[in-house]
Amino acid sequence: MALSSVTKTSWKLQDVVAHSSKVSSLVLGKSSSRLLATGGEDCRVNIWAVNKPNCIMSLTGHTSPVVCVQFSSSEEQVVAGSESGSLRVWDLEAAKILRTLMGHKANICSLDFHPFGEYLASGSVDTNIKLWDVRRKGCVFRYKGHTQAVRCLAFSPDGKWLASASDDATIKLWDLTAGKMITEFTEHTSAVTVVQFHPNEYLLSSGSADRTVKLWDLEKFKMVGSSEGERGPVRCVLFNPDGSCLYSGSEDTLQVYGWEPDRCFDVVHVGWGKVADFAVCNSQMIGVSCSQMNVSLYIVDLNRVKKSGSLIQGLSQDDKPLAVPTSKGATLRRNYERPTTSCSRQKMKQNSDTDRRSPEGERHSPSSEDEHDDKESSAEITNPDDYKEIFQPRNAILRTPPKRSETFPAPVEDECFPVKPCAAAEITPVHDKAPNISSTPILRVEPTVVASAPSHPISVVTASLALPSRRIVTTSKPKSSPTVIPSTRNEPVGLNVGDFLTPARSGKTSVTADEEALAQIRKGHETMCVMLTSRYKNLDTVRAVWAAGDIKTSLDSAVTMNDLSIVVDILNIVNLKPSLWKLDTCTTILPQIEELLQSKYESYVQTGYLSLKLILKRFWPLISDTLTAPPSVGVDITREERHQKCKACYKQLKNLSNVVKNRADQVGRHGSMFKELQLLMAPLD
């Protein structure tokens with residue numbers, strides 16, 4: 001079978017059950033893009049290596065839910081803020097608590113480390129912003145001006161300014177040297193959720209719940225760009241490392257913007273839900289989101305995303321502080337000298353008498369209460385091997401994970417297209433039998449590169465497993481490649497057995513050839529293990545909810561995992577007992593059935609077919625009668641709720657009827673299934 005291996009632009013990398021209770025905060029390390037910190041309602045902070053199934057270390061000490069986490073720029077420290085307003089800083093290389101900082105009176109909403117690692121800024125629901133000296137355990141400044149919660153903080157690349165975004169729809173820019181506000185931007189019409197400095201130039205980007213992304217000139221302090229195309233509230237913004245474009249993340253969508261003039265280069269549907277954070281490494285974007293106890297990681301291949309190709313011309317103009325376009329990182333950072341930092345001790349002393357100096361900022365030795373807090377905190381290493389590899393420095397300069405990490409292999413697209421007419425293997429006959437409860441296929445992650453096929457028929461090389469040193473060459477007439485993967489098959493998808501077998505040399509098998517064959521077989525094994533482990537954990541989560549007797553909630557949790565294999569496994573159970581189906585269940589499952597019926601996996605199509613057939617037979621009379629009944633006299637809340645559910649089901653069934661019609665002309669078993677569904681859905685017309 002010769003198929004073109006078109007890889008996906010975006011895909012889910014992994015799912016992990018991150019905490020024993022709901023996950024409340026997430027952050028990716030921006031230096032390596034390979035570290036993830038999660039905070040939960042279990043009062044723990046867990047550290048993960050991206051694409052590894054197990055937690056590296058678990059940090060304890062907080063006594064209330066952890067609602068905000070942040071890595072330092074070197075990824076050697078992590079800070080976590082709690083609902084009670086306390087902060088704890090851990091040294092990850094030493095695996096111990098470094099500081100406990102108290103002072104806020106409400107939830108911590110935002111955190112950021114100074115780019116040179118000695119200071120830390122925190123924002124809270126109490127509307128205050130505090131600048132902390134991590135070394136001396138003191139609050140240096142308190143910045144007041146916002147009237148609502150401070151949702152995001154960001155230091156400028158040179159460490160001289162601090163930008164703050166708030167629910168009061170304003171962005172404030174603070175001068176750390178003078179200890180006062182420089183300017184305020186008020187063009188947003190709703191809460192500002194995120195701010196980000198350009199890596200090279202005097203530009204600031206912001207995203208808001210008003211569904212816009214705006215850019216601000218930090219020399220003239222005016223807006224120079226604004227987007228209006230977001231599908232929902234903006235949750236993340238990030239400049240490309242070379243500063244050529246801006247990425248914006250909203251629910252299930254990534255958008256790529258340019259400015260001066262304003263334009264949108266690309267829109268990518270990712271499916272990551274309410275994305276919490278993303279980072280860029282090796283032309284790949286890693287996005288992370290959470291649902292209940294689960295954390296999901298997604299990859300976007302930026303090589304397949306339009307972003308104007310290179311540095312956008314016109315960024316460095318007269319209204320910018322840089323006269324000539326410069327390379328990445330060659331602006332303020334290159335000229336920065338640590339002794340003259342705006343956060344130096346001398347500068348702080350000059351402003352110690354201002355009203356921005358907090359009462360907690362008095363220099364003092366750690367109290368016995370603080371020492372007790374530190375003793376109660378701990379860093380439990382749960383994965384020593386990964387911990388040593390990542391956090392134990394090998395020398396004074398290099399530490400892992402390296403900045404140049406390997407890219408994550410992209411899976412092939414869901415639909416398979418023939419390269420050119422070629423000989424194709426026949427589909428294994430599908431027997432008419434009840435679906436297997438666990439029949440979810442998983443594709444190899446590594447794409448198979450296929451060269452262009454000649455216009456004439458080609459020979460298909462197959463091999464017998466019983467005779468590994470022998471090849472059988474057959475020639476057949478061109479056939480169109482099947483687009484559906486049968487549920488019963490005797491060979492793995494995407495693999496050619498002949499690729500693993502090498503011709504014998506002088507009657508003896510080469511050791512090198514054996515090693516190459518073993519290496520080929522092992523490809524993707526670790527990724528497959530991660531996928532299966534993640535799937536097991538997801539099913540275990542659904543089972544735990546199911547055990548509580550709430551079928552609807554368990555189905556909702558399965559749907560929010562964005563993994564059709566989990567939905568298929570659950571539906572195969574529910575279909576065995578039709579009495580479990582309720583009208584509420586239909587509203588949740590019908591959108592999933594639409595995806596199942598269009599899947600390339602026959603097992604998915606069968607499950608979708610059976611589920612839709614059950615729904616039509618059991619609920620169509622109720623839906624029809626409810627929608628055609630005359631309006632009732634008086635107020636009947638129960639009837640109104642039922643009417644709304646029936647209306648939603650009818651709308652989803654109409655969408656499904658179009659899918660069924662388009663596929664009813666297929667031949668064979670699939671055509672018969674879709675024709676049967678078309679007859680059952682005839683009353684919809």
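Helix α8, residues 564-574, has 9 of its 11 residues buried, so the rest of the structure largely encloses this helix. The model is a predicted one. The buried positions of α8 are S565, I566, V567, V568, D569, I570, L571, N572 and V574. These buried residues pack against four other helices: α6 (525-547), α7 (551-560), α9 (583-597) and α10 (602-628). An α-helix has 3.6 residues a turn, so residues three or four places apart point the same way.

In soluble globular proteins, nonpolar side chains tend to be buried together.

The cysteines come next. A disulfide is a covalent bond between the sulfur atoms of two cysteines. A search of the whole structure finds 0 disulfides. For C646, the closest cysteine sulfur is that of C649, at 6.4 Å, which is too far for a bond because a disulfide needs the two sulfur atoms within 2.5 Å. C646 is buried, with a relative accessible area of 0%. C139 also counts as buried, because its relative accessibility is 0%.

The strands can be followed from strand β2, residues 10-17. Of the 8 residues of β2, 6 are buried, so this strand is largely enclosed by the rest of the structure. Its partner is strand β29 (residues 294-301), with 7 bridges in the antiparallel sense. Within this pairing, Q14 stands opposite L297 of β29. Strands of a sheet pair through backbone hydrogen bonds, either parallel or antiparallel.

L203 has D217 of β21 as its bridge partner.

Another open sheet, also of 4 strands, has the order β23-β24-β25-β26, and its pairing is antiparallel. Here the edge strands are β23 (236-239) and β26 (263-269), each of which pairs on one side only. Neighbouring strands of this sheet are turned by 20 degrees against each other on average, direction ignored. Strand β25 (residues 253-258) and β26 share 6 bridges in the antiparallel sense. T253 stands opposite H269 in β26.

Aromatic side chains give a further view of the structure, which holds 9 aromatic pairs. One of them is the edge-to-face pair of W161 and Y202, at 5.7 Å centre to centre and with 65 degrees between the planes. This pair links distant parts of the chain, 41 residues apart: W161 is in strand β16 (residues 161-166), and Y202 is in the loop between β19 and β20. W161 counts as buried at 17% relative accessibility, because the limit is under 20%. Y202, with a relative accessible area of 23%, is partly exposed.

F185 and W216 form a stacked pair, 4.4 Å centre to centre with 20 degrees between the planes. The pair again links distant parts of the chain, with F185 in strand β18 (residues 180-185) and W216 in strand β21, 31 residues apart. F185 is buried, with a relative accessible area of 4%, and W216 is buried at 0%. Elsewhere, ring pairs link F141, Y143 and W174 into a cluster.

Methods: Residues numbered from 1 in each chain as written. Predicted model: local features only at pLDDT ≥ 70, side-chain atom pairs only at ≥ 80, totals over all residues. Heavy atoms only, no water. Buried < 20%, exposed > 50% of the residue type's maximum accessible area, 1.4 Å probe, protein only. Helix = DSSP H or I, 4+ residues; strand = E, 2+ residues; numbered from the N terminus. Contact = heavy atoms within 4.5 Å. Pairing = 2+ DSSP bridges. Phe/Tyr/Trp six-rings, centres within 6.5 Å; stacked < 30°, edge-to-face > 60°. Axes fitted to C-alpha atoms, helices over the stretch in contact; angles between N-to-C directions.
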